[in-house]
Amino acid sequence: MSHNKYSVLLPTYNERENLPIITWLLARMFVENNIDWEIVIIDDGSPDGTQEVAKQLQEVYKDRIQLRPRAGKLGLGTAYVHGLQFATGNYIIIMDADFSHHPKFIPEMIRLQAQYDYDIVSGTRYQTGGGVYGWDLKRKLVSRGANYLASLLLRPNASDLTGSFRLYKRDCLTQLIQATVAKGYVFQMEMIVRARQFNYSVGQVPITFVDRVYGESKMGVSEIVQYAQGVWRLFVTL
């Protein structure tokens, strides 16, 4: 692992309470496992002071933390495009900043990737050992339904299409981003579907997804509609 470097792309919007803790958890995990690392924080003009917190973290962790802000909320997909420009690692990890994705799963993702030379390793809620905590029945049904719809129509050979906890080879992520049309929440699903289009190999690690501790979910009706439209677009074009 020592000759590889892992860049975590961490999009944020109003995450001032979460950011210091997720950063500490990531730093501890990387150090304990002797993994070279950095965190690239892509903040979309948070009004709650997230960027000020990020600057304080830079003072603590020095060059392990990059702050690459943007002017406003420009979408999740474009946040990864923006962050990738500045990442220096040959492997890229994407995850949420709100504790939905615990860093404790990252060493297993790295181990699995190294063992089988996967292009992508995806954290999955929908394999044995994975799960979701803190969601009501309605949200669980929406998530399951979204994954079932895309799996039925697109056959991507992955069990969690809407998840955003993944490890990519840098070149693989670069090509997928260039090919992906969607820029919102549909982005994650389209990325994993296009991975099949380009014959990229995908490994999976069961994860437990926990609903955010602080702040409010950014998922709404418009994102659900966009997702359904995105599935149909891919079905008729791929």
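Colleague: Which residues point one way from strand E7 (residues 166-169), and which point the other way?

Modeller: Arg166 and Tyr168 point one way from E7, while Leu167 and Lys169 point the other way, and all are buried. Buried means under 20% relative accessible area, exposed means over 50%, and partly exposed is in between (1.4 Å probe, protein chains only). Keep in mind that this is a predicted model, where local features need pLDDT of at least 70 and side-chain atom pairs count only at pLDDT 80 or more, while totals for chains, interfaces and linings use all residues. Residues are numbered from 1 along each chain as its sequence is written, and side-chain values use heavy atoms, with hydrogens and water left out.

Colleague: OK, and what does E7 pair with?

Modeller: Strand E4 (residues 91-94) is joined to E7 by 4 bridges, and the two run antiparallel. Strand E5 (residues 120-124) also pairs with E7 in the antiparallel sense, over 3 bridges. Two strands count as paired if DSSP finds at least two bridges between them. Strands (E, at least two residues) and helices (H or I, at least four) are DSSP runs, numbered from the N terminus.

Colleague: Which residue in E7 is the bridge partner of Ile92?

Modeller: That's Tyr168. Tyr168 is also the bridge partner of Ile120.

Colleague: How do E1 and E2 pair?

Modeller: Strand E1 (residues 5-12) and strand E2 (residues 36-43) pair in the parallel sense, over 8 bridges. Val8 stands opposite Ile39 in E2. Contact here means heavy atoms within 4.5 Å.

Colleague: Let's switch to helices. How do H3 and H6 cross?

Modeller: Two packed helices are described by the angle between their axes and the distance between the axes. For helix H3 (residues 76-84) and helix H6 (residues 170-179), the axes come within 11 Å and cross at roughly 135°. That makes H3 oblique to H6. Angles under 35 degrees count as roughly parallel, over 145 as roughly antiparallel, 65 to 115 as roughly perpendicular, and the rest as oblique. Axes are lines fitted to C-alpha atoms, for helices over the stretch in contact, and angles run from 0 to 180 degrees between N-to-C directions.

Colleague: Which residues meet there?

Modeller: Tyr80, Val81 and Leu84 in H3 meet Arg170, Leu173, Thr174 and Ile177 in H6. By class, that contact has 5 nonpolar, 1 polar and 1 charged residues. Ala, Val, Leu, Ile, Met, Phe, Trp, Tyr, Cys and Pro count as nonpolar, Asp, Glu, Lys and Arg as charged, and the others, Gly among them, as polar.

Colleague: And how do H6 and H7 cross?

Modeller: The axes of H6 and helix H7 (residues 186-197) come within 10 Å and cross at roughly 115°. That makes H6 roughly perpendicular to H7. From H6, Leu173, Leu176, Ile177 and Ala179 meet Phe187, Glu190, Met191, Arg194 and Ala195 in H7. The residues of this contact divide into 7 nonpolar, no polar and 2 charged.

Colleague: What about Asp63, buried or exposed?

Modeller: Asp63 counts as exposed, at 64% relative accessibility. Asp63 lies in the loop between H2 and E3 as well.

Colleague: And where is Asp117?

Modeller: Asp117 lies in the loop between helix H4 (106-116) and E5. Phi of Asp117 is near 55°, a positive value in a residue other than glycine. Asp117 is partly exposed, with a relative accessible area of 47%.
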